[in-house]
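Here are some questions about how terms are applied to a structure. Each answer sets a value against its definition.

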Amino acid sequence: MNNHNYNTGFLNYCQICYSKDLLEVINLGYQPLADDLIKVSEFNRECIYYPIKINLCKKCQYLQNNYIVGDKILYNKNYHYRPGISSSVVNNLKALASEVIRNYDLKPEDLVIDIGSSDGTLLSQFKNDISAVLLIDTYNEHGMAEQRCLFMELMSEDCQIPVIIGKAYGGLTPENLQLYSATDMGALLIDGLGDGVFLAAEGCGSLEQVNQTAFGILQASRTRISKTEYISCPSCGRTLFDLQETTALVRNRTSHLKGIKIGIMGCIVNGPGEMADADYGYVGTGVEKISLYRGQNVVQANLPMEEAVDALIDLMKEDGVWVEAQELDAVY
Ligand code: SF4
Ligand SMILES: [Zn+2]
């Protein structure tokens, strides 16, 4: 739901069941929007007052304000209501969290989602409960900075619950979605901030492309390894074979090996150093000649290129890390 269902102004019927049988129970007169306090330096700014009259619907028992403030006015860019600044609200949310944990007998594998969580006060009450997950979203133009700031606040509150970094994108090419989302979220993840990502991407390619982008960000930031990692050099005059074609060949046979890092390097001069943390290396040593590495050690030197991929697979089989792609299909 993008927009508020009701128009701005007074309502003389119940928002839930439309009954007109309403009973006025509280009338606080006219009040500014929540926490819209005027600073001393803003003496020229006028505060707008709205009526707060609470009615009880006698039919469905719903308590409600009888005046609708427009969503653009209420959720403006300076929206500053924070549940966490009022101790009575915090205590109320604390009691709610205890009740939810007790009533639903929450287990570590359960998930707690607080939709529209504002400053996360309710979720922070679950902070010692490992079933809670916090999803942080931003509409700020400088969203990454805002989310980084929120992480600092959560850390200063010693909040231990996992955090999913969320952001919405619209109308981008799949390549630009990769670029923007990896910049926004990757910058936080590589600093160890965040445990997952949530990409709300409309008109940015197929669902599969969006999904691959999300997993790619997690993989590149080493937050979650879900596929084979390839470390490849950009290639230069020293490369004595077609690096792109060879990378595609190796990838074609090994891309199902979750968690394995394979270096594919153009030459022996700089290749071994550049793939320093790879598990296996496939390194050019002459015209169409390849040397295979296990970690930093050469295990087979100067193999003809056409034999090298099979030899790499044999090496993995020897190490007990090789799995046939069909076997994985059967498991997942
Ligand atoms: S590893 Fe060798 S071939 Fe590849 S870019 Fe570096 S120097 Fe060039
Ligand atoms: Zn009602």
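Predicted model: local features only at pLDDT ≥ 70, side-chain atom pairs only at ≥ 80, totals over all residues.

Q: Is the crossing in which H4 passes H5 left-handed or right-handed?
A: H4 passes H5 in a right-handed crossing. Residues are numbered from 1 along each chain as its sequence is written, and chains are lettered from A and ligands numbered from 1 in the order in which they are written.

Q: What makes H4 roughly parallel to H5?
A: The axes of H4 (residues 143–156) and H5 (residues 174–189) cross at roughly 25° and come within 9 Å. Angles under 35 degrees count as roughly parallel, so H4 is roughly parallel to H5.

Q: Which residues of H4 and H5 make the contact?
A: Gly143, Met144, Gln147 and Arg148 of H4 meet Asp184, Ala187 and Leu188 of H5; contact requires C-beta atoms, placed from the backbone, within 7 Å.

Q: Why are strands S9 and S13 said to stand at the edges of the sheet?
A: The open sheet has the order S9-S10-S11-S12-S13. S9 (229–232) and S13 (297–304) each have a single partner strand, so one side of each is left without a neighbour in the sheet. Strands pair if DSSP finds at least two bridges between them.

Q: How many bridges join S12 and S13?
A: S12 (residues 289–294) and S13 pair in the antiparallel sense over five bridges. Within S13, Leu303 is the bridge partner of Ile290.

Terms used:
Axes fitted to C-alpha atoms, helices over the stretch in contact; angles between N-to-C directions. Helix = DSSP H or I, 4+ residues; strand = E, 2+ residues; numbered from the N terminus. Parallel < 35°, antiparallel > 145°, perpendicular 65-115°, else oblique. Left-handed = near helix turned anticlockwise from the far one by under 90°. Contact = placed C-beta atoms within 7 Å.
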